[in-house]
Amino acid sequence: QNLGKKRKNVPKTSNSNSSNNDNSDSSVNVDNPPPSKKQKIYKSINHDSSSSSSSSPQKHDYWIYPNLVVKILNKTLSNGKYYKKKGKITKVTNRYIADIKLLDTNKKIRLDQDQLETVIPAINKGKVMIVNGKYCNYIGKIVSVNVKSYSCNVKLIYHIDDNSDEPNPLENKIIENLDYDYVCKYI
């Protein structure tokens with residue numbers, strides 16, 4: 001089954017933060033300091049009580065990021081020479097175009113995300129990145145796979161943008177029933 005094609009018709013969501021309804025005072029309250037970047041991330045995740053990322057309003061139509069391992073679906077490139085080959089994304093241009101370094105030959109090629117597919121590692125073998133939905137940009141590990149529903153359960157480790165020393169309240173949280181298209185091997 002070509003799971004990569006499911007990504008093509010994902011609706012774009014509008015991030016309309018243009019309304020300036022910020023009634024906050026310009027002074028800083030010492031007793032109640034402004035939230036850190038990490039607190040903002042966790043607050044936005046915990047605000048939505050749904051447990052499945054596929055129903056999340058944060059779903060977007062791009063999913064490629066550097067350091068992901070992907071599978072090539074293009075059958076016509078070099079007469080199919082690269083079909084089903086795996087590579088590491090080294091650079092992303094305009095959210096949709098990936099520069100890929102093939103794992104077996106180190107050859108570099110550039111492809112659109114529609115010509116790529118996520119790679120799911122074995123259970124508890126290596127890291128994955130959640131590439132879409134409510135927990136997008138979280139790094140974790142696969143703890144179980146449901147082959148019949150093309151989904152997996154992922155144990156969160158950390159958020160890719162989190163570089164603080166604060167404790168991570170979502171660490172070790174299990175996210176259930178993530179579509180294969182929402183998870184990709186991360187190195």
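User: What makes the five-stranded sheet an open one, and what is its strand order?

Analyst: In this predicted model, the five strands are arranged as S4-S3-S2-S1-S5 with antiparallel pairing. Strand S4 (108-112) and strand S5 (116-118) lie at the edges, and each has a single partner strand, so one side of each lacks a neighbour in the sheet. On average, neighbouring strands of this sheet are turned by 45° against each other, direction ignored.

User: Why is Val147 called exposed?

Analyst: Exposed means over 50% relative accessible area. Val147 has 59% relative accessibility, and therefore counts as exposed. Val147 is located in the loop between strand S7 (138-146) and strand S8 (151-159).

User: What makes Ile123, Val145 and Val147 a patch?

Analyst: Nonpolar side chains of residues with over 30% relative accessible area are joined within 5 Å. Ile123, Val145 and Val147 form such a nonpolar patch on the surface, and together they have about 240 Å² of accessible area.

User: Which pattern does the protein follow along the sequence?

Analyst: The protein has one helix and ten strands, and the pattern reads α-β-β-β-β-β-β-β-β-β-β. Of its 187 residues, 36% count as buried, that is, under 20% relative accessible area.

Notes:
Residues are numbered from 1 along each chain as its sequence is written. This is a predicted model: local features need pLDDT of at least 70, side-chain atom pairs count only at pLDDT 80 or more; totals for chains, interfaces and linings use all residues. Side-chain values use heavy atoms; hydrogens and water are left out. Patches are made of residues with over 30% relative accessible area and no salt bridge: like charges are joined within 9 Å, nonpolar side chains (Val, Leu, Ile, Met, Phe, Trp, Tyr) within 5 Å. Accessible areas come from the Shrake-Rupley method with a 1.4 Å probe; for residues, only the protein chains shown count as cover. A salt bridge is a side-chain nitrogen of Lys or Arg within 4 Å of a carboxyl oxygen of Asp or Glu. Helices (H or I, at least four residues) and strands (E, at least two) are DSSP runs, numbered from the N terminus. Buried means under 20% relative accessible area, exposed over 50%, partly exposed in between (1.4 Å probe, protein chains only). Two strands pair if DSSP finds at least two bridges between them. Axes are lines fitted to C-alpha atoms, for helices over the stretch in contact, and angles run from 0 to 180 degrees between N-to-C directions.
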